[in-house]
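Subject: Two-chain model, handed over with notes

Dear colleague,

I am passing on the structure below, together with notes on its strands, helices and contacts. Please read the notes alongside the coordinates.

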Amino acid sequence: MDVREKLNILANAAKYDVSCSSSGSKRRAMSGGLGNACSAGICHTWAADGRCVSLLKVLLSNACKYDCAYCVNRRSNDVPRATFTPKELIDLTLEFYRRNYIEGLFLSSAVIGTPDYTMELLVKVAKELRTVHRFGGYIHLKSIPGASPALLYQAGLYADRSSVNIEIPSDKALQYLAPEKNHESILRPMNFLAERKLEYKADKSRFAPMFLPAGQSTQMIVGASGETDLQILTLSNGFYQQQQMKRVYFSGYVPINADKRLPVITTKPPLVREHRLYQADWLMRFYNFRYDEILDEQHPNLDLDLDPKVAWALRHPEMFPIDIQTADYEMLLRVPGIGVKSARLIASGRRYGKIRLETLKKMGVVLKRAKYFIYHPDTPASLRNLYPEVIRPQLVRQQLIELPKPQQLDLFRDCHHETNQLLLPAS
Amino acid sequence: MLTIYYDSTFDGFLSVVFEIYRQRLDVGSICPDRSADGIPGDMFLQPFRVETSEESARRLKRAIVNEAGEDILMTLDAAYRSEEPGIEMKIFAYLKRLFSGVDKKFARNPTSAEMLPLFKIAGSVRREAGNMLGMVRFAKTADGTYFSEIEPKYDILEFMIGHFRGRFANERWAIYDSKRKFGVYYDGHSASEVFIPNLEAVTAETPPDIITQLWKEYYDAIAIKERINPRLLRRCLPVRYWKHLPERQPGGLSNLQSGGLSNLQPGVAC
């Protein structure tokens with residue numbers, strides 16, 4: 001089997017891993033070496049499904065010994081299997097990198113033999129890239145649950161980011177779907193790496209070696225088992241707080257295996273729900289929202305019609321509308337239609353004078369949403385109230401992903417049909 | 001009233017502003033040479049030419065830094081690189097109010113009527129420069145030099161050099177902006193400006209090789225077929241960039257058109 005065939009099989013096997021970021025690490029090129037890492041991260045291209053491609057994302061091997069129900073590479077699936085040799089993978093990475101196709105390598109693997117053996121191969125690739133080829137690009141290594149701490153530690157020395165996927169948000173469902181796994185086995189490598197990173201951080205010396213400079217990330221599948229959004233957000237909040245995760249990714253379940261434990265194979269991926277979860281995640285990471293503000297026991301699931309920021313604002317009419325001249329920066333951030341950039345612009349601009357409606361428009365504030373939640377010098381006093389039940393339908397209509405197309409009424413055919421429906425109730 | 005012509009450089013533009021103040025010119029429009037070719041000027045404005053003077057540009061730069069700060073000068077430079085028609089008059093309007101001394105707080109107010117448009121334009125120029133870092137595609141020539149052709153919307157090549165110099169410090173590479181007909185060549189030690197009169201000859205030397213083929217196949221393999229979403233793709237990767245991206249060239253699944261459901265899907269955050 002040549003490299004070309006292997007690349008095809010192993011890229012195909014890796015595509016359900018959604019993590020794509022190359023950010024968070026600022027690595028300077030080694031002397032005589034190739035490549036550096038840019039802390040903002042760089043997207044190199046976007047695939048046909050609209051997801052960005054910044055790393056060469058492949059598996060080292062897809063010959064897995066586990067049999068997880070949701071996974072395309074499970075033992076019982078009849079798919080072509082392939083395994084890269086470390087040299088093939090290194091050559092491929094360097095060639096792609098020199099042509100500026102990629103930002104670095106994202107290396108994952110199915111478990112071949114034992115977790116230790118697999119992890120050893122992954123570390124070997126990263127080590128050789130860093131030491132022999134003096135490669136300074138981004139390396140994302142998967143930690144294999146069950147691998148020995150010594151190997152994980154080595155991985156941390158060579159990689160920029162490491163990840164272990166929790167996959168199923170609740171432990172019980174995970175053990176049901178993936179008999180060889182449980183949450184404990186997944187959290188152990190995460191915690192180990194998070195602790196080592198903290199130790200390295202304590203050393204303030206300029207010469208201290210880097211340990212996972214871009215931290216850790218994880219991913220969970222949405223819609224394969226019956227968790228609520230509240231459970232998912234609670235879990236991801238825990239990851240951000242305790243394991244100091246940089247990112248938690250959500251992946252709408254794409255049915256790949258016919259399995260009686262999973263939704264039927266014809267299920268559409270829950271894309272809107274996934275989108276809303278990411279919006280909620282953004283609110284937690286950039287807008288100072290707490291997870292229990294976005295959702296609570298009364299509202300355990302995100303509103304699919306409205307983005308979580310609007311939904312929150314509508315649940316809190318007592319806080320709106322706000323005066324953009326005097327409101328706190330934190331409160332500006334919470335206005336639907338005002339993003340981080342606009343909030344900063346408003347906060348710095350209002351020191352010099354009043355901010356009026358046309359200035360807001362030029363700043364890029366989405367006024368069709370924001371107008372209900374703010375007032376400015378030109379707003380008449382009678383409009384300085386928020387009635388959620390009145391504006392909710394208008395906001396829902398704005399956020400429809402595709403507006404119903406306006407149709408010319410037909411005097412004879414369609415109308416007749418509709419009147420029929422109207423006159424005759426469902427009997 | 002005058003139409004002032006100059007050599008389309010930022011220094012040239014600053015010299016124009018300098019001369020406007022020195023000679024108390026009554027200016028109606030400022031027109032760079034690149035857009036003046038073959039287009040008759042405004043018939044009600046008198047043509048006037050200002051030669052670039054490094055000395056006056058330097059003095060004006062110092063004045064801007066003193067009045068407003070280094071970052072404002074950089075914002076003006078970035079906005080200038082947008083090459084939008086009329087950008088000169090917008091920058092001039094800002095400078096005029098800056099030096100009028102009427103409003104002491106004007107200099108650093110990003111939301112003033114003069115600054116806000118410049119601020120937004122500078123933002124899009126910088127955004128394109130950042131995106132373009134990932135969209136440069138090198139091809140290997142016979143002598144081992146990596147060559148890339150780009151056609152950005154804005155004049156951002158100079159913003160990108162530092163990044164590639166740090167990243168490929170030991171390689172020889174060249175990036176050529178074929179829209180503005182100049183490029184940068186890095187020989188392993190230092191970067192220099194190059195002009196390539198016969199671009200076809202160079203691109204003919206770099207036919208797609210096996211690595212490019214592997215990359216195209218990888219690109220096709222990494223997309224999840226159930227989630228194909230052309231609208232999102234076009235939003236993230238505008239069609240105007242496709243010309244120089246091997247993975248978007250015909251002859252692969254990459255041009256796969258979607259089925260019915262995909263048009264409705266919202267974006268993936270990444």
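This is a predicted model: local features need pLDDT of at least 70, side-chain atom pairs count only at pLDDT 80 or more; totals for chains, interfaces and linings use all residues.

Residues are numbered from 1 along each chain as its sequence is written, and chains are lettered from A and ligands numbered from 1 in the order in which they are written.

Chain A

Chain A is divided into domain 1, residues 3-279, and domain 2, residues 308-399, with bounds that come from an automatic or database domain assignment. Taken over C-alpha atoms, the centres of these two domains of chain A are separated by 39 Å.

Chain A holds an open sheet of six strands with parallel pairing, in the order β3-β4-β5-β6-β7-β8; strands here are DSSP runs of E with at least two residues, helices are runs of H or I with at least four, both numbered from the N terminus, and two strands pair if DSSP finds at least two bridges between them. At the edges stand β3 (56-59) and β8 (247-252) of chain A, each with a single partner strand, so one side of each is left without a neighbour in the sheet. On average, and with direction ignored, neighbouring strands of this sheet are turned by 20° against each other; for this and the later angles, axes are lines fitted to C-alpha atoms, for helices over the stretch in contact, and angles run from 0 to 180 degrees between N-to-C directions.

Strand β7 (residues 216-222) of chain A runs parallel to β8(A) and is joined to it by six bridges, and in this pair V222(A) stands opposite G252(A). Helix α8 (residues 271-286) of chain A lies across β7 and β8 of chain A, running at about 170° to β8(A).

Helix α2 (residues 86-98) and helix α3 (residues 115-131) of chain A have axes that come within 10 Å and cross at roughly 45°. The two helices α2(A) and α3(A) are therefore oblique to each other, given that angles under 35 degrees count as roughly parallel, over 145 as roughly antiparallel, 65 to 115 as roughly perpendicular and the rest as oblique. In their contact (C-beta atoms, placed from the backbone, within 7 Å), P86(A), L89(A), I90(A) and T93(A) of α2(A) meet L121(A), K124(A), V125(A), E128(A) and L129(A) of α3(A). By class, this contact of α2(A) with α3(A) has six nonpolar, one polar and two charged residues, where Ala, Val, Leu, Ile, Met, Phe, Trp, Tyr, Cys and Pro count as nonpolar, Asp, Glu, Lys and Arg as charged, and the others, Gly among them, as polar.

Chain B

Chain B has an open sheet of three strands in the order β2-β1-β3, with parallel pairing, and its edge strands, β2 (27-32) and β3 (46-49) of chain B, each pair on one side only. Strand β1 (residues 2-6) of chain B runs parallel to β2(B) and is joined to it by five bridges, with C31(B) in β2(B) as the bridge partner of Y5(B). Helix α1(B) packs on this sheet, touching β1 and β2 of chain B, and its direction makes about 145° with that of β1(B).

Helix α1 (residues 10-23) of chain B also packs against helix α3 (residues 54-67) of chain B at an angle of about 80°, with their axes 8 Å apart, which makes α1(B) roughly perpendicular to α3(B). The residues of this contact of α1(B) with α3(B) divide into five nonpolar, two polar and four charged.

Helix α6 (residues 115-135) and helix α7 (residues 157-167) of chain B pack at an angle of about 45°, with their axes 9 Å apart, and that makes α6(B) oblique to α7(B). Here A129(B), M132(B) and L133(B) in α6(B) meet F159(B), M160(B) and H163(B) in α7(B), a contact whose residues divide into five nonpolar, one polar and no charged.

Between the chains

In the interface, 48 residues of chain B are in contact with 50 residues of chain A. On the side of chain B that touches chain A, α6, α7, α9 (210-222) and α10 (230-236) of chain B each supply at least two residues, and the largest share, eight residues, comes from α9(B). The residues of that side of chain B divide into 31 nonpolar, nine polar and eight charged.

With best regards

Terms used: Two residues are in contact if their C-beta atoms, placed from the backbone, lie within 7 Å.
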